[in-house]
Amino acid sequence: MNTIIVGTQWGDEGKGKIIDILSDRADYIVRFQGGSNAGHTVVVGGREYIFHLIPSGILHRGKICCIGNGVVVDPAVLIKEIKDLSSSNININRRLKISSLAHIILPYHKILDQLREIKRTNKIGTTNRGIGPCYADKISRCGIRIIDLLDRGVFRDKLKDNLREKNEILKKVYGHRGFQFKEIYKEYLNYARVLSPYICNTQLLINEAIDNKKDILFEGAQGTFLDIDFGTYPFVTSSSATAGGACIGTGVSPVKIDKVVGVAKVYTTRVGEGPFPVEFPPVFAKYMRNKGNEFGATTGRPRRCGWFDAVMVREAILLNGISELAITKLDILDGLKTIKVCIAYKYKGKLFKEFPYGLEMLEKVKPVYKEIAGWDKTIGKIRRYRDLPLNAKAYLSLLGDILDAKIALISVGSSREDTILA
Ligand code: IMP
Ligand code: MG
């Protein structure tokens, strides 16, 4: 079974935990897009692990974890993750595979990311990890790939070419000092040396695994509404975070995909700027942020919080072909008197059930809510659906009805065990 997991909101839906759980049944876990802007939190045995690049499945012994060609790799971040795992006695030898076709993030990408943000009037609120500029270079065909790092001559020429252009942009457009060729060249050749045992043709590896009837889990980062095409552009990331990205970002044909699982949190969060129709008023936002520990795993920024937006999640189900949902953080709703679900938007007196792509409109729509009674029990220790409070079950079945999707898994806490299979 080849399964893609995607976020149905703006990221931080709890994909890390769900991937960790589903990894149990998979042989290969593959990241297909994004880079170290992602922060996947997994709690195992009371210990918290945060992954930016290595697939969250790495905590399962014997599983092969791949970083696909669609990912942009910051070698320093990756090496740190490799070291952290070895110091936690997690053996990754022969288990971590990095695509030779993945593009690498260079120091000028990070600086350009920051400088562009400063200059923009409409700020995106990026993670400043160099993601946008790196993907921009990939598309404009001047990027440097991992395979280039393995050949000193090729790397030298490509880096020189890039620095000639980037240094001029830095100086003339941003009044920023340029970069020295020698420093980057030396630093990155060192990275290449450390990473070389893991680098391979992952498209071949994964396709052969599929031919051998292995189970592959494709791990999405970010979420549907951060997707470069279908997200709330320009307040998006620079890659395809929707299911289609899994094929492009790994070299696996769409006909080989069996299933897409969507992860949805029972409320909505977003980090960075951009429209957010269901956003809570400030005091309640602060209360829920602390209750749900909604602070960025990568940047530590407080996440903006709001009610569950079924208009968005319905759109995500359509765009990704989601047949099963994993619903996360149900326990964070414990103790609320009433819970709201946005079922439509109102704009200029008219009702809309479809997600509007015009940003102007999305900024002005008024959410139409369905209200339902909450529960006062704490549910974090519950392991069977039938043991949930009546109102929690009513809430879940309301979501299932509105979304017209099967809820396959419910998460009631951060640990692996805090999970109900529906
Ligand atoms: P970038 O990906 O760093 O360019 O950031 C673009 C937008 O995507 C910003 O609003 C970020 O906060 C958001 N973003 C990027 N990665 C993640 C993530 O993993 N979770 C949540 N938001 C993210
Ligand atoms: Mg995250």
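Is Thr269 buried or exposed? Keep that one in mind while we walk through the chain, which is a predicted model.

Let's start with the whole thing. The protein chain has 13 helices and 20 strands, and its C-alpha atoms fill a box of roughly 65 × 50 × 40 Å along the principal axes. For 422 residues, a compact globule would come out with a radius of gyration near 22 Å, and the protein chain has 22 Å, so the two agree. Of those residues, 58% count as buried. Take the contacts between residues at least 6 apart in sequence, and 76% of them join residues at least 24 apart.

Now for the surface and the charges. The protein chain exposes about 18400 Å², with carbon and sulfur atoms supplying 52% of that area. On the charge side, there are 64 positive and 45 negative side chains, and the centres of the two sets lie 3 Å apart.

Next, have a look at helix H6, which covers residues 152-174. At its start, a side-chain oxygen of Asp151 comes to within 3.1 Å of the backbone nitrogen of Gly153. Just past the other end, Gly175 takes a positive phi of about 60°. Along the helix, the buried residues are Phe155, Leu159, Asn162, Leu163, Lys166, Asn167 and Leu170. What do the buried residues of H6 pack against? Their partners are helix H3 (107-119), helix H4 (131-139), helix H5 (146-149) and helix H7 (181-195).

Ile184 has a relative accessible area of 2%, so it is buried, given that the cut-off is under 20%. Setting aside neighbours within four places in sequence, Ile184 is in contact with Leu106, Pro107, Leu159, Leu163 and Phe179. Two of those names, Leu159 and Leu163, are also on the list of buried H6 residues. As for Leu106, it sits 78 residues from Ile184 in sequence, yet their C-alpha atoms are 8.1 Å apart in space.

That brings us back to Thr269, found in strand S12 (residues 268-270). Thr269 is buried, because its relative accessibility is 1% and the cut-off is under 20%. Its side chain makes a polar contact of 2.9 Å with the side chain of Lys265. Not counting residues up to four places away in sequence, Thr269 touches Trp10, Gly11, Asp12, Phe276, Glu294, Arg303, Arg304 and Cys305.

Notes: Residues are numbered from 1 along each chain as its sequence is written. Chains are lettered from A and ligands numbered from 1 in the order in which they are written. This is a predicted model: local features need pLDDT of at least 70, side-chain atom pairs count only at pLDDT 80 or more; totals for chains, interfaces and linings use all residues. Side-chain values use heavy atoms; hydrogens and water are left out. Helices (H or I, at least four residues) and strands (E, at least two) are DSSP runs, numbered from the N terminus. The radius of gyration is taken over C-alpha atoms; the globule rule is 2.2 Å times the number of residues to the power 0.38. Buried means under 20% relative accessible area, exposed over 50%, partly exposed in between (1.4 Å probe, protein chains only). Contact means heavy atoms within 4.5 Å. Accessible areas come from the Shrake-Rupley method with a 1.4 Å probe; for residues, only the protein chains shown count as cover. Lys and Arg count as positive and Asp and Glu as negative; His and the chain ends are not counted. The place of a charge is taken as NZ of Lys, CZ of Arg, CG of Asp or CD of Glu. A polar contact is a pair of N or O atoms within 3.5 Å; within protein, one must be able to donate a hydrogen and the other to accept it, and residues adjacent in sequence count only if both atoms are side-chain atoms.
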